[in-house]
Amino acid sequence: MLLLSMGVSVDGFISDRDGDFNWTVPDDGLFAFHTERVAELGAFVCGRRLYEAMVVWETDPRMRENEAHAAFADIWTALPKVVFSRTLTAVEGNARLARGPLADELTAVLHSTDADVEIGGADLARQAIELGFVDEFRIFRYPIIVGGGTPLLPPVTSPVQLRLAETRTYEQVVYERYLRVRDEA
């Protein structure tokens with residue numbers, strides 16, 4: 001399955017008008033949950049900005065400051081990643097630049113593993129939703145209203161039916177997991 005997983009403000013934005021998302025820093029319990037769920041993935045697909053935000057887990061020794069961070073860094077480093085970018089000419093670690101259109105790359109990545117694949121980044125997520133690829137939405141709702149910025153979800157031309165599968169609360173963050181309802185006809 002293709003999973004979309006992002007931190008979001010109460011009003012639905014993944015970053016504010018200035019591109020800031022520092023309000024999404026997880027507490028210890030939520031960080032442990034992120035580590036567990038990333039360990040279950042077979043691959044990760046992202047855009048340049050998210051790749052650049054996350055590559056520090058592979059390149060910066062300071063990200064291994066404690067046992068929990070070292071465990072996440074090990075998992076993240078081992079995870080195959082496909083990066084979409086119009087400006088990067090190379091990527092580091094266990095990543096490769098996408099060579100084809102999103103639909104082709106997602107099909108290839110999904111067929112390359114028996115595990116779930118996660119997509120990150122607002123623009124790529126929007127495209128994957130529009131193409132009908134996203135099977136599950138994992139939303140981490142933070143207690144802040146930012147009033148504008150980059151929305152998590154795109155405007156859609158027809159409803160996307162979801163079924164609430166799970167909720168959890170971590171200190172003040174609410175985790176919502178939704179499964180896409182597919183028409184069986």
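User: Which residues in α1 meet which residues in α4?

Analyst: In this predicted model, the α1 side of the contact consists of F31, H34, T35, V38 and A39, and the α4 side of A68, H69, F72, I75 and W76. By class, seven of the residues in this contact are nonpolar and three are polar, with no charged residues.

User: How is the packing of α1 and α4 to be described, and at what angle do the helices pack?

Analyst: Two packed helices are described by the angle between their axes and by the distance between the axes. Here, α1 (residues 28-39) and α4 (residues 67-78) pack at about 25°, and their axes lie 10 Å apart. Angles under 35 degrees count as roughly parallel, and α1 and α4 are therefore roughly parallel to each other. The crossing of α1 past α4 is left-handed.

User: How many residues has the largest nonpolar core, and which have the most contacts inside it?

Analyst: In soluble globular proteins, nonpolar side chains tend to be buried together. The largest nonpolar core in this model has 24 residues, and L2, L4, V45, L106, I119 and A128 have the most contacts inside it. Elements that give two or more residues to this core include the strands β1 (2-9) and β3 (41-47) and the helix α5 (102-111). The largest share, five residues, comes from α6.

User: With which residues is A128 in contact, leaving aside its neighbours within four places in sequence?

Analyst: With those neighbours set aside, A128 is in contact with L2, L102, L106, I119, F133 and V134.

Conventions: Residues numbered from 1 in each chain as written. Predicted model: local features only at pLDDT ≥ 70, side-chain atom pairs only at ≥ 80, totals over all residues. Heavy atoms only, no water. Core = buried A, V, L, I, M, F, W, Y, C linked by side-chain atoms within 4.5 Å. Buried < 20%, exposed > 50% of the residue type's maximum accessible area, 1.4 Å probe, protein only. Helix = DSSP H or I, 4+ residues; strand = E, 2+ residues; numbered from the N terminus. Contact = heavy atoms within 4.5 Å. Axes fitted to C-alpha atoms, helices over the stretch in contact; angles between N-to-C directions. Parallel < 35°, antiparallel > 145°, perpendicular 65-115°, else oblique. Left-handed = near helix turned anticlockwise from the far one by under 90°. Nonpolar A, V, L, I, M, F, W, Y, C, P; charged D, E, K, R; others polar.
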